Amino acid sequence: MQMAEQLVNVRAWQDLFEKLDACLGLAPNWDGYSALPPSSLAVGKAKEFLTLLRGSELEPARLKPSVASGIGLTIRKGRRKVYVEFYNDGTVYAFFSDGESEPETRQVQARQEDYLALIGQSREYLNA
Amino acid sequence: MPDLPSAMRRNGRRKDRDFRPDEYLCRRVPLELWDDGDVVIDIDAIELPDMSVIRSKYGHPEWARLESDECIDWGVIGFCVGDIPARLLHMGVFTWTFGPRHVPLEENYPHSEVWAYENGMHVNAKNRLDPHLHLRWREILLRRIKTIIRPYKPMEIRQEAPANA
C-alpha cells in the first residue's frame, strides 16, 4: 500500500472513532421521537469491537447511533450484510442478512474472543 | 415550531381503526441516519414497540417533518400497512403479531403507531421485546421501506387533508 493510501486509511478509521465520541453528545429524543442517546457503555463496547475490526480486512460500511438506543454498525459485501448493535445496557447482538432470507441473529458476549469470533464469522458469511 | 395545517389537528375526530393494506405509514428520520451522499437507511432508524408514524389516510408525508423546526429538513420514509411483518414465531413457541394502531394526538390526528403483541397482548415496554425478535422484525420491515422525501428536499406543506380522508 502506498503511503498516501495508508494515510487516507488511517484518517478514515480515526473518523469512525471520532464519530462514536460524537454520538455521546446527542440529546434525548435525538430521533424526533423517544430514542435515548448512546451510553458511554455502548460507545465503549463499539470502540472495542472497532479496534479489533481494524486489524481484520473488514471495514464498516456504516456506523450510526441507533433509535433502539445504542450504536449500530453495518459491514456489507454486495447484498450481504452483518449488522451489530451495541445497546446502552452493554449487551451486544448481531445478525446476518442477505436481503431475502430470514435474518440469522445471535447474541455476542462483549469480550475480545467473542468479538474475534464474530469478525471471523462475518468474513466467512460475506465472502460466501 | 412550524405552523400546523388545520387539517392536521384532531378537532374532536374519533379514532379510526380501519387500515387498508395499501395505506402508507410515514416516519421522519433524522439527518444523522442518512448515509453521506446516498439515500439509504438501515435498521438503526427503525424501532419497536409503538413506532410512531403518520397514516396517509389522514396526513401527508411532509407533515411528519412538522414536529419542530429542527425536523424540517429531515428525510421521510414510508411503508404500506400490508408490508408490516404481521406475524413472527419466536423460539418456535411464542407467537408475536404486529400491526398499526391509530393513536391520534390533539395536534396530530394522523398519528399512529405500530404495535407489537405477544400472544395477543400489547407489549409496549422495550425491555419485554427479545432482541433477536426485535432485530428480525426490523430487518424484514427495512427490506420493504421506501424513501418518500429525501433529506434536505424542500417540500411545500399541503394544508388540506388527503382526498380520501
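Predicted model: local features only at pLDDT ≥ 70, side-chain atom pairs only at ≥ 80, totals over all residues.
In chain A, five strands form an open sheet in the order β1-β2-β3-β4-β5, with antiparallel pairing. The edges are taken by β1 (62-66) and β5 of chain A, each of which has a single partner strand, so one side of each is left without a neighbour in the sheet. From one strand to the next, the twist averages 20°.

Strands of a sheet pair through backbone hydrogen bonds, either parallel or antiparallel. Between β4(A) and β5(A), which run antiparallel, there are five bridges, and in this part of the sheet Phe96(A) stands opposite Glu104(A) in β5(A).

## Helix α3 of chain A

Helix α3 of chain A comprises 16 residues, 112-127, which at 1.5 Å a residue should span 22 Å, and the 22 Å separating its end C-alpha atoms agrees with that expectation. Within α3(A), the residues Tyr115(A), Leu118(A), Ile119(A) and Ser122(A) are buried. They cover an arc of only 100° around the axis, which puts them on the same side of α3(A). The other side of α3(A) carries Glu113(A), Ala117(A), Gly120(A), Glu124(A) and Asn127(A), which are exposed.

What do the buried residues of α3(A) pack against? Their partners in chain A are α2 (40-54) together with the strands β2 (70-77), β3 (80-87), β4 (92-97) and β5 (104-108). The helix α3(A) lies across β2, β3, β4 and β5 of chain A, and runs at about 160° to β3(A).

## Where the two chains meet

The contact between the chains involves 21 residues of chain B and 20 residues of chain A. On the side of chain B that touches chain A, the largest share, five residues, comes from helix α1 (residues 131-142) of chain B. That side of chain B divides into nine nonpolar, two polar and 10 charged residues.

The helix α1(B) lies across β3, β4 and β5 of chain A, running at about 40° to β4(A).

## Strand β2 of chain B

Strand β2 of chain B (residues 51-55) is largely enclosed by the rest of the structure, because five of its five residues are buried. Both of its faces are covered, with Met51(B), Val53(B) and Arg55(B) buried on one side and Ser52(B) and Ile54(B) buried on the other.

The strand β2(B) pairs with β1 (residues 24-29) of chain B through two bridges, the two strands running antiparallel, and here Cys26(B) has Ile54(B) as its bridge partner. With strand β6 (residues 111-118) of chain B, β2(B) pairs in the antiparallel sense over four bridges, and Val53(B) stands opposite Ser112(B) in β6(B).

Most residues other than glycine have a negative phi, and most peptide bonds are trans. Leu48(B) and Pro49(B) are joined by a cis peptide bond, with omega at about -10°.

Is Leu48(B) buried or exposed? With 21 C-beta neighbours inside 10 Å, Leu48(B) counts as buried, since the cut-off for a buried residue is 20 or more. Leaving aside residues up to four places away in sequence, Leu48(B) touches Val114(B), Ala116(B), Leu129(B), His134(B) and Trp137(B). The C-alpha atom of Leu48(B) is separated by 27 Å from that of Lys153(B), which is 105 residues apart from it along the chain.

## Two asparagines with positive phi

Asn29(A) has a positive phi of about 65° although it is not a glycine. Asn29(A) is placed in the loop between α1 (3-23) and α2 of chain A, and it counts as partly exposed because it has 13 C-beta neighbours inside 10 Å.

In chain B, phi of Asn11(B) is near 50°, which is again a positive value in a residue other than glycine. Asn11(B) lies in the segment before β1 of chain B, and with 9 other C-beta atoms within 10 Å it is exposed.

Terms used: Residues numbered from 1 in each chain as written. Chains lettered and ligands numbered in written order. Expected span 1.5 Å × (residues − 1). Buried ≥ 20, exposed ≤ 12 C-beta atoms within 10 Å, placed from the backbone. Arc of directions from axis to C-beta. Contact = placed C-beta atoms within 7 Å. Nonpolar A, V, L, I, M, F, W, Y, C, P; charged D, E, K, R; others polar. Pairing = 2+ DSSP bridges. Axes fitted to C-alpha atoms, helices over the stretch in contact; angles between N-to-C directions.
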